[in-house]
Amino acid sequence: MKHQIRLNVNGADYDLLVEPRKTLLDVIRNDLGLIGTKKGCNTGECGACTVIMDGKAVNACLVLAVQVKEKKIMTIEGLAESEKLHPLQEAFIHHGAIQCGYCTPGMIMSAKALLDKKPNPEEGEIKEAIAGNLCRCTGYLSIIEAIKSAAKTERSV
Amino acid sequence: MKPFDYFEPQSIDEALSLLKKLRGEAKVLAGGTDLLVQMKQRNIAPKYLVNIKGIPGLDRIRYSEKEGLTIGSLATIADLEDSLIIRERYPILHTAARELGTQQVRNVATVGGNLCNASPAAETAPALIALGASAKIVSRSKEKVVKLEDFFTGPGETVLKTGEMLVEIYVPKLASNSKGVYFKHAFRKKLETAIVGIAVLANFNGKGESFKDIRIVLGAVAPTPKRALRAEEIARGKRMDESLLEEVAFLSSEESNPITDVRATAEYRREMVKVFVKRAIKEMMNL
């Protein structure tokens, strides 16, 4: 039996009819067409599907769409302000922290959740924040540098 | 996942009646970080999911000098990790919470879920058992309090019957001059299930030289998290020295009952129990 739900994603409300077994990941990709968030392992172990839910980084593959309710969801598409990229996106590009790009949206969302809570994180805190985001390409160093740099940029604004 | 019907009770009472009515074909959904994975891997296919996260008042962490710590079963692992009360007064639990999964998982996973899922390697179990925790279980007709060390009955199994729900975890106030340490041994630093998890909590005499009381809890090396009772007994009231340490570590290892699985052999786990009990006690003595 499908359930009527309303999701708030990137500031906009969406009314949807969904089966309970559909995850937030399924719904944002297939029903909302927001394919920036990636499906990797689908079991909460790779972080490719990381989105921010009420300020906290979560694996969208482990949240049922029917569970979300009024919580505010932010995906990678919600980061940039029209043509202007978010400092995290700029920093990732600048530091070569993007190779195949598959981990990137999830990685950036984990970083954003961190910076919103800790604007001046130490390296250990950055590593902890992205520990749930696997990258097969970069070796993580450029990603950590990018996050440090974005944190600095945001603090200077 | 196979299709299922979904309910969102708004009160404990509603949840309990639902669970009773659905007669064991329902699973409780809280954080979902274990349940949904099992369902996706088709290990289980419950016909109904009862989401209890909407029930108010079950997610609080409270402390009083008189009663100690009360943790609502719906408190997330991140709540435990962020709690200043826990970090200051029960640091062993803070450490255990930090070891669980990843930030994304900790943000939604609940302590009640970690316990009720009852993995032999449940991250919060050894620390909570070492702290002398108890579980408050309610049903429509009654409520009872069970010591956490008696809560687990087998891998994935607890004393909970159909129509019963874990609502709170109590941790008594710690005796003064208590120290505790939790070590998790795993291949990767993060995002790993423990090969061995060791929690040691001791209460020292006035001068801090000998143990008035000690608890040693082994995780991931038996069908359930368990206390190494014989090891505790020989250490209790004694002054710790190298030979006692060896004996305590050896006995702890004897009391473990690990299996060989994809992560490690039983032999390796038994050896690691020795290594990590020693390390944990040494670390605790230095705190």
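**Figure 1. The interface of chain A and chain B.** In this predicted model, chain A and chain B bury about 2300 Å² between them, and carbon and sulfur atoms account for 55% of that area. Of the area that chain A buries against chain B, 28% is supplied by A:Arg21, A:Leu62 and A:Glu128, more than by any other three residues. The contact involves 31 residues from chain A and 28 residues from chain B. The size of an interface is often given as the accessible area lost when the parts come together.

**Figure 2. Polar and charged pairs between chain A and chain B.** Five salt bridges are found across the interface of chain A and chain B. One salt bridge joins B:Glu8 to A:Lys69, with the closest N and O atoms 2.4 Å apart. Across the interface of chain A and chain B there are also 13 residue pairs in polar contact, counted where both residues have pLDDT 80 or more.

**Figure 3. The side of chain A that touches chain B.** Strands β3 and β4 (56–59) and helices α2 (65–68) and α4 (104–117) of chain A each supply at least two residues of the side that touches chain B. The largest share, four residues, comes from β4(A). By class, this side of chain A has 12 nonpolar, 12 polar and seven charged residues.

**Figure 4. The two domains of chain A.** The domain assignment divides chain A into domain 1 (3–78) and domain 2 (87–156). The C-alpha centres of domain 1 of chain A and domain 2 of chain A are 21 Å apart. In the contact, 16 residues of domain 1 of chain A meet 12 residues of domain 2 of chain A. The area buried between domain 1 of chain A and domain 2 of chain A is about 1100 Å², with 66% of it given by carbon and sulfur atoms. A:Thr50, A:Ile52 and A:Ile76 supply 40% of the area that domain 1 of chain A buries against domain 2 of chain A, more than any other three residues.

**Figure 5. Composition of the domain interface in chain A.** Across the interface of domain 1 of chain A and domain 2 of chain A, zero salt bridges are found. Five residue pairs, both members at pLDDT 80 or more, are in polar contact across the interface of domain 1 of chain A and domain 2 of chain A. Strand β3 (residues 50–53) of chain A provides three residues, the largest share of the side of domain 1 of chain A that touches domain 2 of chain A. By class, that side of domain 1 of chain A has seven nonpolar, six polar and three charged residues.

**Figure 6. An aromatic pair in chain B.** The structure holds five aromatic pairs over all chains. One of them is the tilted pair of B:Phe7 and B:Tyr48, at 6.1 Å centre to centre and with 45 degrees between the planes. B:Phe7 belongs to strand β1 (residues 5–7) of chain B and B:Tyr48 to strand β3 (residues 48–51) of chain B, so the pair ties together parts that are 41 residues apart in sequence.

**Figure 7. The surroundings of B:Ile234.** B:Ile234 is part of helix α9 (residues 229–235) of chain B. Leaving aside its neighbours within four places in sequence, B:Ile234 is in contact with B:Leu244, B:Glu247, B:Val248 and B:Leu251. B:Ile234 and B:Leu244 are 10 residues apart along the chain, and their C-alpha atoms are separated by 8.1 Å.

Technical notes. Residues are numbered from 1 along each chain as its sequence is written. Chains are lettered from A and ligands numbered from 1 in the order in which they are written. This is a predicted model: local features need pLDDT of at least 70, side-chain atom pairs count only at pLDDT 80 or more; totals for chains, interfaces and linings use all residues. Side-chain values use heavy atoms; hydrogens and water are left out. Domain bounds come from an automatic or database domain assignment. Contact means heavy atoms within 4.5 Å. Buried area is the accessible area (1.4 Å probe) that two parts lose on being put together, summed over both. A salt bridge is a side-chain nitrogen of Lys or Arg within 4 Å of a carboxyl oxygen of Asp or Glu. A polar contact is a pair of N or O atoms within 3.5 Å; within protein, one must be able to donate a hydrogen and the other to accept it, and residues adjacent in sequence count only if both atoms are side-chain atoms. Ala, Val, Leu, Ile, Met, Phe, Trp, Tyr, Cys and Pro count as nonpolar, Asp, Glu, Lys and Arg as charged, and the others, Gly among them, as polar. Rings of Phe, Tyr and Trp (its six-membered ring) pair if their centres lie within 6.5 Å; planes under 30 degrees apart count as stacked, over 60 as edge-to-face and the rest as tilted.
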